[in-house]
Amino acid sequence: MFERYLSALQYPRVGQLNIDGKQSVIDPKDFRGFIMWLEDQKIRFLPIDEREPLRRINAPDEWNPAYEKYKQDIGLPLNLKTKHEQISWLLLYAIRLEYIDNADHYRPVTSAKKLDEEAKKTSVPEVQSTNPFDSFDFTSADFEEGSWKLAERLGIAYHPDHLIALQAAAKVISSAYNKEALKEVVITGQPFPIEQGSGMGLEKDADLEQCARILRLLQIQNIRKLQTTINETIVAVQNVTADPRTDTSLGKVGMKYFCLAKMFERYLTALQYTGNQPVNIDDPKEFRSLISWLEDQKIRHYTIENRENLKQIGTVDVWDAAYDQYKTDVGLPYELETRQEQLTWLLLHAVRLEYSDNVDTYRPLSGARKVEEQKKSTAPEVKSANPFDSLDFTNAQFEEGARKLADRLGIAYHPDHLVSLRAAGRVIHDCLNKETLKEPPVAGQPYVVGAGKTGTTDKQQQNGTEPELERAAQILRLLQIQNMRSMQTTINETIVAVQNVTADPKTDTALGKDAREHAKKEIRKHDQTEDDLYISRPYTPIASDLEAGTFDVLIKLEPGGAMTNYLVTLSIGAHTEWKGLYGDFLWKRNQHRNVVAFVQGVAIAPVYSTLSTILDDSEDDTRLTLCACFRDLQSVLLREELRSMGSYWNFRYEVYLSRRTDHCPPLAVRYAEPIHDRRLEAEDTERLLERSISDGKQTLLVLLCGTEPFTAFIKSSLVKLGIENCYTF
């Protein structure tokens, strides 16, 4: 059982850790090392600097008290006494956190994904790693003994840490036993007499004096290597600065500014900067624009409303005063005076925050993940099995084939072969599909086109109307009749569908039976053809003004998102298309005595809209409780609005942060603001629910809005408390 848990968590020593209960005693050192790995790599409950006592696995006297405190902090049940029970609880806790953080990755795959995975398994050859070191256990006793023997064979002094001895052996082999070194002539002669030369002032201790002399020789060797490297660097820089392609106005040291520009360019590329590069920081306007972008998109130290002065890059006095205050608030060191120094610090600060928010993305690949990447790179290229992907629809042979097909199907000639091809496709789809071919052929004579009457008058016929024009008019009349019959059928089906909706009690009864009448107004669609790009996303109005005909929505901008890229290009007065409303949640005044809502991230929008509507009704006495979960303090949405709603007698809320925000100043959380710098636990959920159960479970309604793992986590507490009234947005 433990091996399955460890494999799911990608533990590097699966099968080698003695915690599976097969032996009567668990190795204490293995136990301490495993607990440290769980906290350091998976649970991450403590900040990095507070994990130091748990890392001292070789000092049991210091580690054991730290572990006891850790169990209390993380909430490990007191009834779990044995190490097996404690490890089982911690493993399941780590797996739950891993699942919550990667819900999309671990969510059950669909049938299409299963077929795709099976196809990959059967058709793509598995790549086995040829690196023998990938399967080594660097902590085993055999490996330690082998490392020391190798160091002894190479004449390296003993060191208690076998890995350091192995590093020394690798350095000796790479420097003295490489191909170039072996080609050199062996130097013969007497070794350098260390005893000669000036002393180090430690003659009283002969061994210490000899060590000092050896260190002096090594230092001289390092200085010589450094001088050689400096000389080579000077030559390389001179070659670049002497190039006429460089900026001659900067003089012979123009490379300094070039290197700064390249360094800034690398930082900005890592941060996905979308502005012009390279950035000229000597230009005050470009410098102000870059600082505003860093705070607005990456650092986000201020709330959105507090960034307003930094965005006024056209007003120098206002921006300079805001920037001076910003440097103090963000903690920029006072000794950094030039723009280059300040910008370098801010860029590195932004990169560090970006890394801490996306550790799993930027963490270096392990040996197992490298092998997986190599499998992807060496997998054979998949060729499309669709023959149409390789066709050229514009060459002469294709045009001729399209017209021949249309002629074979009895379709009139058209100068555009693609139009003829679409007509042929429609004939094949309507008349030559499997269902049509199964029907018996219709027997009888075809309809005589000239048998009926056209819309022409007798006077026109007497004047000699052309027979071809008369025949064409009759054909168009038949086609028009067919279209009108199809339209009538569609109208009848639409009427039935509308009646089904308007007869549904879930619709808005305030609008009567014609509730959908206002939705019949035609909205012109800007994307007129199928080739036009059309994207749609659901958003929830959080405020509206019926008199002005306006509404506000909460939109989370995702870098690289299709809708985000569209929205950021809009200007004031631009037209967008909205349709709706959707959903079947209806609220009646005082329908429930208590409402408790649990939301996650941007999913706060529909619940906020519902709760604010209830609070705006002065005759509704429902007691409302909101529990909102966000990633960190900067990610809290509608923070000011929630604080304002907290002034109502029948509303209270709590905010939980899944990641610690130690880098934020203490005053970031205001007085009496109910923000908890930790994850939402099951005990917190049950505590919030138990407050409202006292009035009766039937009078309580629970609202949920978030990811599937989040709602499943909350529903487990509902089942435990026997609460049935629950609605999930």
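Predicted model: local features only at pLDDT ≥ 70, side-chain atom pairs only at ≥ 80, totals over all residues.

**Helices α2 and α5**

- Helix α2 covers residues 28-43 and helix α5 covers residues 83-101; they pack at an angle of about 20°, and their axes lie 10 Å apart.
- Angles under 35 degrees count as roughly parallel, and α2 and α5 are therefore roughly parallel to each other.
- On the α2 side, the contact is made by Pro28, Phe31, Phe34, Ile35, Leu38, Lys42 and Ile43.
- Their partners in α5 include Lys83, Gln86, Ile87, Leu90, Leu91 and Tyr93, along with Ala94, Leu97 and Glu98.
- Sorted by class, this contact of α2 with α5 holds twelve nonpolar, one polar and three charged residues.

**Helices α13 and α15**

- Further along you will find helix α13 (residues 284-299) and helix α15 (residues 339-357), whose axes come within 10 Å and cross at roughly 20°.
- α13 and α15 are therefore roughly parallel to each other, and their crossing is left-handed.
- From α13, the residues that meet α15 are Pro284, Phe287, Leu290, Ile291, Leu294, Lys298 and Ile299.
- Facing them in α15 are Arg339, Gln342, Leu343, Leu346, Leu347, His349, Ala350, Leu353 and Glu354.
- The contact of α13 with α15 is made up of eleven nonpolar, two polar and three charged residues.

Conventions
Residues numbered from 1 in each chain as written. Heavy atoms only, no water. Axes fitted to C-alpha atoms, helices over the stretch in contact; angles between N-to-C directions. Helix = DSSP H or I, 4+ residues; strand = E, 2+ residues; numbered from the N terminus. Parallel < 35°, antiparallel > 145°, perpendicular 65-115°, else oblique. Contact = heavy atoms within 4.5 Å. Nonpolar A, V, L, I, M, F, W, Y, C, P; charged D, E, K, R; others polar. Left-handed = near helix turned anticlockwise from the far one by under 90°.
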